[in-house]
Amino acid sequence: MYPIECVKYVNFPTIPKDVIDSMIPSQADLSEAKERHYISTHTNVEKLNNWGRENIADSIYLNYQILFNDVPAHVDRNTKSKLLYIVEAGGDNVYTNFYTNEKKTELIFSTIIEPGRWCLFEADVAHEIVGMDKDKMRLGITGQIFRDFTPSTRPQPLTGLYDRQ
Ligand SMILES: [Fe+2]
């Protein structure tokens, strides 16, 4: 066991299938996710957010992330923590590993996040996603209650993690 757990499950309701099915990424989303390993997208999130406001919190903002072929260690730029709900894991042995820093000096916590459950995720601790099946999509819904987590208007790097504009 690890002394620190950077993922904590919360008992928010399961997201219905029709809500999940309404989150249809654009072709641009999918091709960018394959190219960059990760995108966070706001395409077709209206039904998801209506459900979230009725079932979790008035002020919640939900969108989703698409991952391919693992994601290297990084710290999320926009938030300290986030709600996360994995819809599709991208494999049976996909680990989220947390480290003391982005150079991975010391492993803090390692876990397979259970699909179909809400958790709180310590996004300001360096983390990586490893063990994904080749070219298999990992789909996760992320939620913010204190702020909208809308796409950044800053210039974006060519590589790395960012929200689509
Ligand atoms: Fe992240």
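In the predicted model, Asp124 is placed in the loop that joins β8 to β9 (127–130), strands being DSSP runs of E with at least two residues, and helices runs of H or I with at least four residues, both numbered from the N terminus. Asp124 counts as partly exposed because 15 C-beta neighbours lie inside 10 Å; by the criterion applied, a residue is buried if 20 or more other C-beta atoms lie within 10 Å of its own, exposed if 12 or fewer, and partly exposed in between, with C-beta atoms placed from the backbone. Beyond its neighbours within four places in sequence, Asp124 is in contact (C-beta atoms, placed from the backbone, within 7 Å) with Val75, Asp76 and Lys80, and its C-alpha atom is separated by 7.6 Å from that of Arg77, which is 47 residues apart along the chain. Residues are numbered from 1 along each chain as its sequence is written. Local features need pLDDT of at least 70 and side-chain atom pairs count only at pLDDT 80 or more, whereas totals for chains, interfaces and linings use all residues.

The protein chain contains three helices and 10 strands, arranged along the sequence as β-α-α-β-α-β-β-β-β-β-β-β-β. Of its 165 residues, 26% are buried.

Definitions and conventions
Contact = placed C-beta atoms within 7 Å.
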